[in-house]
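Here is a short briefing for a first look. Please keep the sequence and the model at hand.

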Amino acid sequence: MKYSCNVVKDLLPLYHDEVCSNESIQIVTEHLLECETCKAYYEMMKEPNQMFTEISIEEKADFRMLKHIKKKLQRGKIITGIVSLGIGISLVLGIFKFMNGYIVPIDYSQENIRVEEENGVLHAYTTGDLIYNLNKKVIQDGDKNNLYFYGATTAAQKYLVPNRTETKRYTLEYTDTILNKEQTLYSIDNVYYLVENYTELDGLLDDKLNDTLNNAILLWSANEIK
C-alpha cells in the first residue's frame, strides 16, 4: 500500500526519534527508498539545520509564555477570590456595625410596657425588645410634675435577635431635682410614655411640644393610688 508524502512527513519525527511502531518504521523505510523528496527532507532533519533549530526555540518560547500566562491567570483567580472574600466580610461587618449603631424606638403596647411603684420608687417593666437606652424628662404642668420617658433599642437587637419573652425592670426615680428658683425636690405626679418626636423633645416649639405631650400615653398616676 502506497502512502502519501504528507503522511510519511508526519511520521518522520517519530521515525527519527525511534519511537514509532514497527509497522510505521516499515512504511517510512520503504517510502524513503522510493521518494527522493522525502529522503532529502529526512536528511535535513538529521542535520543540525538552522531552520529547525529556530523553530524549536520559538516553540519553546511560546510554551514558556503559555505557562507564564496560565500561572498569572491562576494567581489572578486566587487574588480575586481573596479580594471578594475580604469585600464580603467588610460588607457584613459594616452592616452589623450600622445596625448596632442605628437606634430604633420601642413601640408601646399594654403587653410590653407598664409602670409600677414599689416602696416609693417607680419602675418601668418591659417585655420583648431589650432596651438599649431609656430616656426620661420631667416637665411641669401647673402644680403637676409629669415624667415622660421612652425606650429605644438597636436595629440589630430588634431585627436580628429572636423574639424575647423575659421581662426586664428599669428604675424611674420617684423624686428628682428640678431647676427652679429654689431648686427643690419634688414628687412625680404622672408617668407618660412618649410615642412620637421623642428624640427632638428639647428642641420642639411650644405647639409641637404640646402636641407631642398630649399624644403621650399615661402609664401611672399618683392620684390612682391615693
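What do the side chains of R114 and E116 meet in? They meet in a salt bridge, at 2.8 Å from N to O. The model is predicted. The structure holds two salt bridges.

**Salt bridges**

- Side chains of opposite charge can pair when their charged atoms come close.
- R169 has 48% relative accessibility, so it counts as partly exposed.
- E118 has a relative accessible area of 28%, so it is partly exposed.

**Helix crossing**

- The axes of helix 1 (residues 5-17) and helix 2 (residues 22-34) come within 10 Å and cross at roughly 120°.
- Therefore helix 1 is oblique to helix 2.
- The crossing of helix 1 and helix 2 is left-handed.

**Nonpolar surface patch**

- On the surface, M65, I69 and L73 form a nonpolar patch.
- Together, M65, I69 and L73 have about 310 Å² of accessible area.
- M65 is found in helix 4, which covers residues 50-101.
- Is M65 buried or exposed? M65 has a relative accessible area of 52%, so it is exposed; the cut-off for exposed is over 50%.

Methods:
Residues numbered from 1 in each chain as written. Predicted model: local features only at pLDDT ≥ 70, side-chain atom pairs only at ≥ 80, totals over all residues. Heavy atoms only, no water. Patch = residues over 30% accessible without salt bridge, like charges linked within 9 Å, V, L, I, M, F, W, Y side chains within 5 Å. Areas by Shrake-Rupley, 256 points an atom, 1.4 Å probe, with all protein chains shown as cover. Salt bridge = Lys/Arg side-chain N within 4 Å of Asp/Glu carboxyl O. Helix = DSSP H or I, 4+ residues; strand = E, 2+ residues; numbered from the N terminus. Buried < 20%, exposed > 50% of the residue type's maximum accessible area, 1.4 Å probe, protein only. Axes fitted to C-alpha atoms, helices over the stretch in contact; angles between N-to-C directions. Parallel < 35°, antiparallel > 145°, perpendicular 65-115°, else oblique. Left-handed = near helix turned anticlockwise from the far one by under 90°.
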